[in-house]
Amino acid sequence: MRNKATAAGNLLQRTCCPYFYDTNQPCNKRQLGSGCAAIGGFSRQLAVVGQSEACIATNSPDMAVAMRVLDAVVETVQADGTSRSIPIAEFHRLPGDTPHIETALEPGDLITAVTLPPPAGGTYIYRKVRDRASYAFALVSVAAVVRPDGTGRVALGGVAHKPWRVEAAEAEMPRGAKAAMAAILTNARPAHENAFEVTLAERTLHAVLAEART
């Protein structure tokens, strides 16, 4: 299956929240208004930022995190030929009160391409931290573009309902991982089982910045 995956399929991959897949548990993604069993439940691999009272699931695909830091654009077409260009920043949605609506796609939309702008310059790194060496979703992932002067871009995976990037916080990157992550996750509200993700994200970014300097 992985060898036959498409870029569009990767971007549309559903959440890895265990309560989404357990049909015996209430889940607002499956049935809006039924509740979110993950809130107060097992939350180790769920969102620490951008969540809502309706959903604390995370966005799963690695590719989406990389595309977010690269400012990709998702191209779509309707049956009548109408086309749209959706910036990746607007493609995935936060849960809010409608966690069952995960993307900006409209009924009938077909993804025809994912385009990338010219390279931004710098060192490109993707680092994924997971429980086992393969076939595992990210506990935390970091996609970054790091320029020689320490400036750059960074997006996080495994921490929110969408790839998490805060452009304004990227001004803190030259000051190091601690300052940058404090700004990126300033509104984090972790549960008791996933609070470690905040520290893990900082350490992962630190490793990425160190790698970029070598």
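User: What should I know about the model itself?
Analyst: This is a predicted model: local features need pLDDT of at least 70, side-chain atom pairs count only at pLDDT 80 or more, and totals for chains, interfaces and linings use all residues. Residues are numbered from 1 along each chain as its sequence is written, and side-chain values use heavy atoms, with hydrogens and water left out.

User: Back to tyrosine 135. Where does it lie?
Analyst: Tyrosine 135 is in the loop between S4 and S5. Its phi is positive, about 55 degrees, although tyrosine 135 is not a glycine. Helices (H or I, at least four residues) and strands (E, at least two) are DSSP runs, numbered from the N terminus.

User: And aspartate 71, what is its phi near?
Analyst: Phi of aspartate 71 is near 60 degrees, again positive in a residue other than glycine. Aspartate 71 sits in the loop between helix H3 (62-69) and S1. It is partly exposed, with a relative accessible area of 30%.

User: Which order do the strands of the open sheet take?
Analyst: The order is S2-S1-S3, with 3 strands and antiparallel pairing. Two strands pair if DSSP finds at least two bridges between them.

User: Which strands stand at the edges?
Analyst: Strand S2 (83-87) and strand S3 (110-115) do. Each has a single partner strand, so one side of each is left without a neighbour in the sheet.

User: How many bridges join S1 to S2?
Analyst: Strand S1 (residues 73-77) is joined to S2 by 5 bridges. Valine 73 has proline 87 as its bridge partner in S2. Valine 74 stands opposite isoleucine 86.

User: What do S1 and S2 form?
Analyst: They form a hairpin, with 5 residues between them. Glycine 81 in the turn has a positive phi of about 95 degrees.

User: Switching topic. Tell me about H6. How many residues has it?
Analyst: Helix H6 (residues 196-213) has 18. From first C-alpha to last it reaches 26 Å, close to the 26 Å expected. The expected span is 1.5 Å times one less than the number of residues.

User: Which residues of H6 are buried?
Analyst: Glu197, Leu200, Ala201, Thr204, Leu205, Val208, Leu209 and Ala212.

User: Why do residues three or four places apart point the same way?
Analyst: An α-helix has 3.6 residues a turn, so residues at that spacing point the same way.

User: What do the buried residues of H6 pack against?
Analyst: Strand S4 (123-129), strand S5 (140-146), strand S6 (152-157) and helix H5 (177-184). In turn, the buried residues of H5 pack against S6 and H6. Ala177 and Met181 are among the buried residues of H5.

User: What about domains?
Analyst: The domain assignment, which is automatic or from a database, gives domain 1 (2-115) and domain 2 (123-212). Their centres, taken over C-alpha atoms, are 19 Å apart. In contact (heavy atoms within 4.5 Å) are 37 residues of domain 1 and 36 residues of domain 2.

Terms used: Buried < 20%, exposed > 50% of the residue type's maximum accessible area, 1.4 Å probe, protein only.
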